[in-house]
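Reader: Before I rely on any label attached to a model, I would like to see the value behind it and the cut-off it was set against. Could we go through it in that manner?

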Amino acid sequence: MIQFDNVSKRYPGGHDALAGVSLDIRHGELLVLAGHSGAGKSTLLKLIAALESPTGGRVTVNGLDVGRLKPSQIPYLRRSLGLVMQEHRLLLDRSIFDNVMLPLQVTGHPPKDASKRVHAALERVGLSHHARALPLTLSGGEQQRAAIARAIVNRPSILIADEPTAHLDPAYAREIAALFRDFNAAGVTLILATHDETLYSPYGARRVELAQGRLLQ
Ligand code: ADP
């Protein structure tokens, strides 16, 4: 369902963040991307979500060439993806409920159904009782669960997370990983960049490693 065909990415003025990457990710898979800092993990995830475009090769998601999308096709792609990215932090001046509502507002979802979905997503991550709270009144683990609720509120078939358990203490990290594994068990394709591989490796994860922009075989 996701294919990288000889993909490279060079940022303006930079060196190759990715070079010659070919990778097939199957529907329902749990894929762990490993590699040192700077290896290209975030870049690979951003290419799937069309947050960056490849400078060589092709990335396809459900048959769509995501490096060459027409603007009208981007909402279609985004609806099938849930993103937990490092730079997409919660808005600190809005409640947890309003943060989780954002993706539905962006896609123009009917408000009444949107509200139901937000409640369902918050319940799914165990945060119903914090719906009206502001992000900074919650623990790090709870804030990360809110970010996950925001990522799943559109009921995506693919969930992408960039270091979702970095900066969390081990108990919170285990809790977040269990939540991700539950989504995967329910059929969601899960792609994670993480240094905490052991949270997933006993559960049938496929591990691929990047080093200086290249996939190690
Ligand atoms: P990782 O997620 O494995 O730490 P990244 O994909 O963030 O790796 O980065 C890969 C390489 O690309 C690094 O050398 C990084 O400095 C560079 N890079 C990442 N984003 C940008 C950007 N927006 N502009 C220029 N260089 C970038």
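Author: Let us begin with one residue, keeping in mind that the model is predicted: Leu 77 has a relative accessibility of 2% and counts as buried.

Reader: Why is Leu 77 called buried?

Author: The label buried requires a relative accessible area under 20%, and Leu 77, at 2%, therefore counts as buried. Leu 77 belongs to helix α2, which covers residues 74–79.

Reader: What does Leu 77 touch, leaving aside residues up to four places away in sequence?

Author: With contact taken as heavy atoms within 4.5 Å, the residues that Leu 77 touches are Ile 48, Ala 49, Ala 50, Val 61, Leu 64, Val 66 and Leu 69. As for Leu 31, which is 46 residues from Leu 77 along the chain, the two C-alpha atoms are separated by 20 Å.

Reader: How do you know which residues of helix α3 are buried?

Author: The same cut-off of under 20% relative accessible area is applied, and in α3, residues 96–106, it is met by Ile 96, Phe 97, Asn 99, Val 100, Met 101, Pro 103 and Leu 104. These buried residues pack against α4 (111–124) and α5 (140–152), while the helix itself is followed by Gly 108, whose phi is positive, near 70°.

Reader: What makes β2 and β5 edge strands?

Author: The open sheet has four strands in the order β2-β1-β4-β5, with antiparallel pairing, and β2 (16–25) and β5 (64–65) each pair on one side only.

Reader: How do you know that β1 and β2 pair?

Author: Pairing asks for at least two bridges between the strands, and β1 (residues 2–10) and β2 have six, in the antiparallel sense. Within this pair, Gln 3 stands opposite Asp 24 in β2.

Reader: Turning to the whole chain, what radius of gyration does it have, and how does that compare with a compact globule?

Author: For 217 residues a compact globule would have a radius of gyration near 17 Å, and because the chain has 17 Å, the two agree. Along the principal axes, the C-alpha atoms fill a box of roughly 45 × 40 × 35 Å, and 51% of the 217 residues count as buried.

Reader: How much of the contact count comes from residues 24 or more positions apart?

Author: Among the contacts with a separation of 6 or more, such residues account for 69%, in a chain whose secondary structure comes to six helices and ten strands.

How values were computed: Residues are numbered from 1 along each chain as its sequence is written. This is a predicted model: local features need pLDDT of at least 70, side-chain atom pairs count only at pLDDT 80 or more; totals for chains, interfaces and linings use all residues. Side-chain values use heavy atoms; hydrogens and water are left out. Helices (H or I, at least four residues) and strands (E, at least two) are DSSP runs, numbered from the N terminus. The radius of gyration is taken over C-alpha atoms; the globule rule is 2.2 Å times the number of residues to the power 0.38. Buried means under 20% relative accessible area, exposed over 50%, partly exposed in between (1.4 Å probe, protein chains only).
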